[in-house]
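Please read them with the model open beside you.

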Amino acid sequence: MRRALFYGLLASLFFAFTFIFNRSMNLGGGYWLWSAVLRYVFMLPILGVLVWRQKGMRKVTLEIKKQPFTWLLWSTVGFGLFYMPLSMASVYGESWFVAATWQITIVAGVLLTPLFGKRIPVKNLLCSGIILVGIFLLQLSHVRGMETDGLLTALALIIAAGFAYPLGNRKMMQHACAELTTVQRVFGMTLCSMPFWILCALYALYTNGMPSGGQAVQSAVVAVFSGVIATVLFFEATNMVKNNPKQLAVIEATQSGEVLFTLAGGILFLGDALPAAAGMAGILIIVVGMVLNSFWG
């Protein structure tokens, strides 16, 4: 459990690059859909090399052939319907605003537990609620200055992403062969999400033309740090505790660390303003919620 917790926290650090660079690309005039597409386009060959070095390419392809519809469906949900709306949400505010709102996924993961034949871990749900209180305090000052339409759109997009990510991950843990390594499973999901990303790329090309070189470079960084390193760490952490819903809820709650890392990165690299007093109180509550969640896990 300690190693899974460490992997989860380390993953949250690398996941923070998603929010920072997506916001940076938007500020630079990059189209949000290209940011989403390019991340997975760059992930595919990197993961392919890693799987090839493990001599697991044949194992992955055979596993996909056994249940192609399952792989296509849950890979599209877990990667496509997660990252496309999350990238679009970055248009509506600072990197830490999106990262903070994204923590809705902590509660979403707990609420999805009955779909897998397990009872909802009530204590972990309460701790997730504490974390969310801190998150909403953190973004309170930002929300006050935001137009209602933009706020509601961002919330709808992030809620959709927040449910899609744990659902796709858990479904593939349930259906994928236990002999597949985490890297092999992530590669298989990336490969099977490609039809979705190809359609998105065609739409982006038609509406906005080709992405700039700067956007491509930043997307490549996101692909390595967030798409490969963070995703593999997080999926490995959840795989370690997949049979224990309480511990699984704890690991999924480590994603709240993204808020703190993104806040620091946004201030240092994008010139984001410091949160007000309510925001600082929110950070403290987030930390308390994470500690309690770990204790009860």
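1. Start with H12, which has 28 residues. From its first C-alpha to its last, H12 reaches 39 Å, close to the 40 Å expected at 1.5 Å a residue. Keep in mind throughout that this is a predicted model.

2. H12 also has a kink of about 35°, and the kink is centred on Ala223.

3. The crossing in which H12 passes H13 is right-handed.

4. Which residues make the contact of H12 with H13? H12 contributes Phe234, Ala237 and Thr238, while H13 contributes Leu248, Ile251 and Glu252. Sorted by class, this contact has four nonpolar residues, one polar and one charged.

5. Next, take H2 (residues 32-53) and H4 (residues 68-89). Their axes come within 8 Å and cross at roughly 145°. H2 passes H4 in a right-handed crossing.

6. On the H2 side, the contact with H4 is made by Trp32, Leu33, Ser35, Ala36, Arg39 and Tyr40. On the H4 side are Phe79, Phe82, Tyr83, Met84, Ser87 and Met88. The classes here are nine nonpolar, two polar and one charged.

7. H2 also packs against H11, residues 194-208, at an angle of about 140° and with the axes 9 Å apart. That angle makes H2 oblique to H11. The crossing of H2 and H11 is left-handed.

8. What classes of residue meet where H2 touches H11? The contact has 14 nonpolar residues, with no polar and no charged ones. From H2 come Leu33, Trp34, Ala36, Val37, Tyr40, Val41 and Leu44. From H11 come Met194, Trp197, Cys200, Ala201, Tyr203, Ala204 and Leu205.

Notes
Residues are numbered from 1 along each chain as its sequence is written. This is a predicted model: local features need pLDDT of at least 70, side-chain atom pairs count only at pLDDT 80 or more; totals for chains, interfaces and linings use all residues. Side-chain values use heavy atoms; hydrogens and water are left out. A crossing is left-handed if the near helix is turned anticlockwise from the far one by less than a right angle, and right-handed if clockwise. Helices (H or I, at least four residues) and strands (E, at least two) are DSSP runs, numbered from the N terminus. Contact means heavy atoms within 4.5 Å. Ala, Val, Leu, Ile, Met, Phe, Trp, Tyr, Cys and Pro count as nonpolar, Asp, Glu, Lys and Arg as charged, and the others, Gly among them, as polar. Axes are lines fitted to C-alpha atoms, for helices over the stretch in contact, and angles run from 0 to 180 degrees between N-to-C directions. The expected span of a helix is 1.5 Å times one less than its number of residues. The bend at a residue is the angle between axes fitted to the seven residues ending there and the seven starting there. Angles under 35 degrees count as roughly parallel, over 145 as roughly antiparallel, 65 to 115 as roughly perpendicular and the rest as oblique.
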